[in-house]
Amino acid sequence: MRITDTSDLWWKNAVVYCVDVEKFMDWDGDGVGDFQGLSQRIDHLAELGVTCLWLMPFYPTANLDDGYDISDHYGVDRRLGTLGDLVELVRTAQDRGMRVIADLVVNHTSDRHPWFVEARKSVDNPFRDYYVWRSDTPPDTSREVVFPDEEDSIWELDEKTGEWYLHRFYRHQPDLNVANPKVRDEIAKMIGFWLELGISGFRVDAVPFLIETLGMDEKEESRYGDPHTYLAALRQFISRRSGSSILLGEVNLPYEDAVRFFGDGHGTELTMLFDFVGNQAMYLALARQDARPLEDVLRSRPPVPTDCQWANFVRNHDELTLDKLSEEERQEVFAAFGPDEDMQLFGRGLRRRLPTMLGGDPRRIRMVYSLMFALPGTPTLFYGEEIGMGENLEVPGRLAVRTPMQWSDAPNGGFSAAPARKLPTQPPDDGFGPRFVNVSDQRRDPDSLLAFVSLLVRRYRECPEMGWGPLHVLDQPHDGVLALCSTVDDATVVTLHNLTPDPVAVPLSLPDGTDDTHRLVDLLADGEVTVAPDGSAEVDLDGYGYRWMRLTGPATRRLV
């Protein structure tokens with residue numbers, strides 16, 4: 001594989017950065033982040049090495065769910081700027097070599113969306129079938145709600161018409177009826193609109209809920225057909241309009257179910273999927289200081305079609321869900337990283353960021369980010385991770401991790417010149433707040449977390465085999481160590497991560513054909529390891545240590 005071969009499938013070794021525009025940088029001084037502020041800070045992301053900017057919802061909204069209750073899919077919320085500001089951002093990002101993708105939230109709308117305002121006027125309104133209704137009293141669905149702290153049913157009675165509408169999330173977010181061809185046409189128009197403005201694809205929200213048939217009668221289900229056929233049609237549509245655009249799906253399902261969303265091995269549906277199973281196994285491994293839970297999951301991870309990819313992450317914008325772990329396993333993670341009830345959500349997840357969960361230990365924090373970049377797939381960062389931002393538990397719910405970006409130690413962390421009361425949320429006021437953790441200080445410190453994450457990004461981009469190569473877990477005797485090997489053609493990278501505080505010497509058997517004419521050359525620091533004639537090597541790892549090494553030999557042409 002030549003390095004130039006990776007350009008067509010750019011997402012295979014991209015570096016994705018998720019940003020909440022409202023909380024990134026306020027440029028007009030009203031207390032709310034905006035597109036002008038994001039554009040002014042784009043060079044920070046360029047210096048970090050970001051290649052794909054993922055925008056959380058920026059559309060007009062009633063703002064009852066941090067922008068995920070959309071009232072107009074063709075606009076920009078006026079607090080954040082204008083369509084012109086968005087286009088300027090896209091152009092500025094592209095000028096720095098960055099693509100921009102946007103959240104596609106079409107499982108539901110706000111109840112203030114014009115479609116729903118019309119739909120609830122009468123049972124025979126032309127927009128009625130844009131949503132899912134039932135006339136009979138629904139059964140108890142309290143176990144099916146996504147947010148059990150605020151909802152006790154997925155059906156809500158509309159007093160005017162006497163019928164119930166489906167809402168998988170909050171009652172103010174009625175679900176769209178994708179069995180209706182008119183709704184599918186509207187979704188295609190939305191996608192086409194944003195592609196014309198320069199967007200390079202979409203992170204698709206709540207995909208399993210989007211394509212489900214719950215609430216449809218037999219006639220509607222027959223009209224809809226196989227829901228995965230609809231996803232394939234979306235992939236075909238986006239490919240026709242913009243061949244290099246992507247669909248990055250939020251699909252929190254076991255591997256055997258999630259892989260269907262790639263198109264059952266044919267690459268005909270979603271382009272990328274977040275690896276929720278691997279993420280949860282990683283936290284269990286960290287809690288136990290035992291790599292085996294993650295190793296077992298990686299060995300079971302299904303291969304993906306050539307033009308598809310897994311997306312890896314340490315933290316995302318929602319709760320850190322642990323729902324794929326057993327109850328006992330989940331309690332282990334809670335005990336290690338969120339023992340107080342206030343740190344937990346719904347009994348299934350955490351509302352904390354990694355640095356606070358690890359007590360600020362720089363060794364473990366760096367090891368975890370090194371591990372995330374080393375996992376086969378595409379790394380995805382949540383804004384502020386590159387400097388080690390913490391959460392603010394005084395902010396309710398999932399918003400605890402969506403606090404203003406910390407640019408400096410100035411008031412409001414340099415995010416805004418407005419009075420603090422006007423900010424959407426408050427930054428933490430502890431050892432992880434702006435006085436101690438900010439971009440300005442870390443830019444001047446060559447040993448900062450920002451400098452380290454920038455190094456990881458550069459080395460990851462120089463090692464396309466880590467994004468493209470098949471997964472190989474190397475056998476070695478230490479339960480606390482994860483050893484991975486990625487090979488494409490004549491290029492091989494070996495990564496090792498020690499999840500324990502104890503230093504170890506790790507014996508390795510390297511790929512066939514390796515002998516004493518080869519060396520393992522460090523990529524993150526100076527150093528190398530000799531290889532024995534039989535292709536074996538022994539690698540020293542510090543407590544919570546990590547090493548990336550390229551296997552070099554007489555014919556090696558890769559940069560080391």
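**Strands, helices and domains**

Colleague: Which residue in strand 6 is the bridge partner of Asp 158?

Modeller: That's Glu 163 in strand 6. Just keep in mind that we're looking at a predicted model.

Colleague: OK, and what stands opposite Leu 157 in strand 6?

Modeller: Trp 164 does.

Colleague: How many bridges join strand 5 to strand 6?

Modeller: Four bridges, and the two strands run antiparallel. Strand 6 covers residues 163-166.

Colleague: What about the hairpin of strand 5 and strand 6, how many residues sit between the strands?

Modeller: There are four residues between them. One to look for is Gly 162, which has a positive phi near 75 degrees.

Colleague: Which sheet do these strands belong to, and what's the strand order?

Modeller: They're in an open sheet of three strands, ordered 4-6-5, with antiparallel pairing. Strand 4 (133-134) and strand 5 (155-158) are the edge strands, and each of them pairs on one side only.

Colleague: How many bridges join strand 12 to strand 13?

Modeller: Two, and these strands run antiparallel. Strand 13 is residues 349-350, and Leu 350 there is the bridge partner of Gln 344.

Colleague: Switching to helices. At what angle do helix 14 and helix 16 pack?

Modeller: About 20 degrees, with the axes 10 Å apart. Helix 14 is residues 362-374 and helix 16 is residues 449-462.

Colleague: Why is helix 14 called roughly parallel to helix 16?

Modeller: Because angles under 35 degrees count as roughly parallel, and theirs is about 20 degrees, helix 14 is roughly parallel to helix 16. The crossing is right-handed.

Colleague: Which residues meet there?

Modeller: From helix 14 you have Ile 365, Arg 366, Tyr 369, Ser 370 and Phe 373, and they meet Leu 449, Phe 452, Leu 456, Val 457 and Tyr 460 of helix 16. By class, this contact has eight nonpolar residues, one polar and one charged.

Colleague: And how do helix 5 and helix 8 cross?

Modeller: Helix 5 (residues 181-196) and helix 8 (residues 227-241) cross at roughly 30 degrees, and their axes come within 10 Å. That makes helix 5 roughly parallel to helix 8. Helix 5 passes helix 8 in a right-handed crossing.

Colleague: Which residues make the contact?

Modeller: Helix 5 brings Arg 184, Ile 187, Ala 188, Ile 191, Gly 192 and Leu 195, while helix 8 brings Tyr 230, Leu 234, Phe 237, Ile 238 and Arg 241. The contact of helix 5 with helix 8 splits into eight nonpolar, one polar and two charged residues.

Colleague: Last topic. Where are the domains in the protein chain?

Modeller: The domain assignment gives domain 1 as 4-106 + 181-460, domain 2 as 114-166 and domain 3 as 469-552.

Colleague: How far apart are the C-alpha centres of domain 2 and domain 3?

Modeller: Those centres lie 56 Å apart.

Terms used: Residues are numbered from 1 along each chain as its sequence is written. This is a predicted model: local features need pLDDT of at least 70, side-chain atom pairs count only at pLDDT 80 or more; totals for chains, interfaces and linings use all residues. Side-chain values use heavy atoms; hydrogens and water are left out. Axes are lines fitted to C-alpha atoms, for helices over the stretch in contact, and angles run from 0 to 180 degrees between N-to-C directions. Angles under 35 degrees count as roughly parallel, over 145 as roughly antiparallel, 65 to 115 as roughly perpendicular and the rest as oblique. A crossing is left-handed if the near helix is turned anticlockwise from the far one by less than a right angle, and right-handed if clockwise. Contact means heavy atoms within 4.5 Å. Ala, Val, Leu, Ile, Met, Phe, Trp, Tyr, Cys and Pro count as nonpolar, Asp, Glu, Lys and Arg as charged, and the others, Gly among them, as polar. Two strands pair if DSSP finds at least two bridges between them. Domain bounds come from an automatic or database domain assignment.
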